[in-house]
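Subject: Structure handover

Hello,

Here is the structure for your files. My notes come after it.

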Amino acid sequence: MMSRSIRKAIIRELERSPLPLSAAALRDRLEAKGYDLDEPSMRRAGDALIATGRIAEAGAHDSAGRMCWRLTREPQRLLMVGPGGGEGLDDASSALLHALDTDVLRELEADVRFFRKHPERSHRIRHAFPAEARQAAILMRGEALAEGLAFFLATERLPSGTLLRLYLTAPINAPVDVPESWVTALFAEAVAKEGFSGDHEAFAAAACLDAHATGSCA
């Protein structure tokens, strides 16, 4: 019975995190909630969840180099450069989407200021700003977020100055103070899925948008 309880608790913690978590991080979270765990029992619970297909190794490591786990049911994610996008939307939805572009660009100035203040950083995660969240809802084509979830934004500053944005869905109270290496892994996976083999600048160029564009190719 305890092992089943631990497995359920692992699933809950992964659902609450916008990023994969290592077994050690999960164990710390569960012990803080009163679970009495040792490393072998944690490993057994994780192996059982992997065997049943509920979780998988994330292909990313935490700051200590430990392999992380993720849910196999991936959250909604949208990779964008600048505002806009929305290929395949009907005319009305596309008009609503692009009507928000100016507001999104104004909101993105917060990221510009953040990276100017922290030149050693290339990535961050934050809650989506209001106009961004409205655009994300349109891009999801009316699909409502599950109760308790919210839009988050991972941003990556490229050497050219372009900002990549990766929309994430996660519980409203999910932490945003996470290791930058985890955010790096999220972008690496997202860009690779677009067929650019880790070339983030090439993806940005192909998207025909940069952080200060209005949505049309040059």
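This is a predicted model: local features need pLDDT of at least 70, side-chain atom pairs count only at pLDDT 80 or more; totals for chains, interfaces and linings use all residues.

Residues are numbered from 1 along each chain as its sequence is written, and side-chain values use heavy atoms, with hydrogens and water left out.

The chain has eight helices and seven strands (DSSP runs numbered from the N terminus: H or I of at least four residues for helices, E of at least two for strands). Of its 218 residues, 44% are buried (under 20% relative accessible area, 1.4 Å probe, protein chains only). Contacts are heavy atoms within 4.5 Å; of those between residues at least 6 apart in sequence, 61% join residues at least 24 apart.

Helix α5 covers residues 101–117. Its buried residues include Leu105, Leu108, Val112 and Phe115. The buried residues of α5 pack against α4 (91–99), β5 (123–127), α6 (130–139), β6 (149–157) and β7 (163–171).

Glu156 sits in strand β6. Glu156 is buried without a salt bridge (a side-chain nitrogen of Lys or Arg within 4 Å of a carboxyl oxygen of Asp or Glu). The nearest side chain of opposite charge is Arg157, 9.7 Å away (Lys and Arg count as positive, Asp and Glu as negative; His and the chain ends are not counted). Leaving aside residues up to four places away in sequence, Glu156 touches Ser122, His123, Thr162, Leu163, Leu164, Phe187 and His200.

Regards

How values were computed. Buried means under 20% relative accessible area, exposed over 50%, partly exposed in between (1.4 Å probe, protein chains only). The expected span of a helix is 1.5 Å times one less than its number of residues.
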